[in-house]
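How do you read a protein model, step by step? Let us work through one together.

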Amino acid sequence: MSSLLAAGAQVERGGFRTSLETGLPICRLRVLSELRPAEARWEYGFSRAGLHARVGALEDAMAQDVKSRLLAAIKPHVAFDGWGPEAFAAAVQEAEIAPELARAACPRGAIDLAVAYHEAGDAAMVAALDAMDLDEMRFRDRIAAAVMARLEAVDDPELVRRGMTLFALPHHAAEGAALIWGTADRIWTTLGDSSRDVNWYTKRATLSGVYSSTLLYWLGDHSADHADTRAFLDRRIEDVMRFEKLKAGLRDNALLSGMMAGPLKLLDRVRAPETTPRTGMPGRWKGH
């Protein structure tokens with residue numbers, strides 16, 4: 001049985017068809033491993049694999065609902081307690097969610113909520129970009145608009161400061177870097193990037209640096225409408241454009257291009273990651 005449904009069973013203390021504190025309907029809380037495939041097909045009308053898939057989808061919906069409520073409840077506490085256990089405990093109490101459900105939805109406590117907060121900002125940025133008329137902009141202006149849209153998605157800079165403190169810790173640094181990379185990837189994907197070679201990586205790495213430095217500047221910017229941040233961002237983008245021009249000049253140089261033929265040939269073999277649709281099941285499906 002999935003962890004979230006199991007937690008719900010503990011909260012409800014039995015019963016087959018009921019609803020959790022979240023108010024979401026749930027299926028029968030029977031241990032799936034005890035169901036024979038034939039019994040599962042007879043009772044639920046689909047195969048055992050289908051049963052697991054539907055329970056997985058239900059768990060995802062329940063976890064998202066619980067996580068959303070916890071995220072809204074924890075925000076006022078983060079400024080004082082950071083993204084830590086005290087803030088998480090206060091959020092669980094204020095959201096009136098059973099501790100078992102809270103831990104099932106957020107096994108790492110406030111850390112999972114900090115990740116959810118960052119990802120919610122990315123989603124808000126994408127929504128803002130979708131509402132803009134980007135076709136009339138130069139590409140560098142589209143990048144600037146995307147970065148500013150991401151910054152404007154932050155409802156409280158203190159939540160970001162506390163998040164930076166959390167993800168600066170050595171054991172969380174890799175996840176923090178992955179979140180920044182994910183933001184850069186969302187920007188490039190939303191803007192229609194179609195590169196599948198080494199440029200897929202260089203674009204995201206460069207934009208990660210631009211976004212990170214601009215975020216740090218923005219946190220200390222008190223100018224009207226963050227005009228100083230916009231100017232800082234424009235300078236960083238100009239630096240990237242100069243670097244791209246330098247790269248183009250090196251490629252056009254007969255001597256240097258000959259010296260770099262070997263490394264460039266290796267780089268030509270680099271490909272972007274495969275984008276496999278998620279199935280809700282571990283590993284990858286091969287065949288049908």
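Predicted model: local features only at pLDDT ≥ 70, side-chain atom pairs only at ≥ 80, totals over all residues.

Q: Where do I start? How many helices and strands does the protein have?
A: Start with the secondary structure. The protein has 13 helices and zero strands.

Q: What share of the residues is buried?
A: Of the 288 residues in the protein, 36% are buried.

Q: Which residues have the most contacts inside the largest nonpolar core?
A: First, the general idea. In soluble globular proteins, nonpolar side chains tend to be buried together. Now this case. The largest nonpolar core holds 56 residues, and Leu 70, Ile 74 and Trp 83 have the most contacts inside it. Helix H6, residues 110–130, gives the most to this core, with 10 residues.

Q: Which residues does Leu 70 touch, leaving out those up to four places away in sequence?
A: Leu 70 touches Phe 88, Ala 91, Val 92, Ala 95, Ile 97, Ala 102, Cys 106 and Leu 113.

Q: How much of the contact set links residues 24 or more positions apart?
A: Take the contacts with a separation of 6 or more. Residues 24 or more positions apart account for 61% of them.

Q: How do I describe two packed helices?
A: Use the angle between their axes and the distance between the axes.

Q: Is the crossing of H7 and H10 left-handed or right-handed?
A: The crossing is right-handed.

Q: Which residues meet there, in H7 and in H10?
A: H7 brings Ile 143, Val 147, Arg 150 and Leu 151. H10 brings Leu 207, Tyr 211, Thr 214, Leu 215 and Trp 218. These contact residues divide into seven nonpolar, one polar and one charged.

Q: Now the backbone. What is phi of Glu 96?
A: Phi of Glu 96 is near 55°, a positive value in a residue other than glycine. Glu 96 lies in the loop between helix H4 (85–95) and helix H5 (99–105).

Q: Is Glu 96 buried or exposed?
A: The cut-off for exposed is over 50% relative accessible area. Glu 96 has 60% relative accessibility, so Glu 96 counts as exposed.

Q: What about Asp 225: where is it?
A: Asp 225 sits in the loop between helix H10 (198–219) and helix H11 (227–252). Its phi is near 55°, again a positive value in a residue other than glycine. Asp 225 is exposed, with a relative accessible area of 60%.

Note on methods. Residues numbered from 1 in each chain as written. Heavy atoms only, no water. Helix = DSSP H or I, 4+ residues; strand = E, 2+ residues; numbered from the N terminus. Buried < 20%, exposed > 50% of the residue type's maximum accessible area, 1.4 Å probe, protein only. Left-handed = near helix turned anticlockwise from the far one by under 90°. Contact = heavy atoms within 4.5 Å. Nonpolar A, V, L, I, M, F, W, Y, C, P; charged D, E, K, R; others polar. Core = buried A, V, L, I, M, F, W, Y, C linked by side-chain atoms within 4.5 Å.
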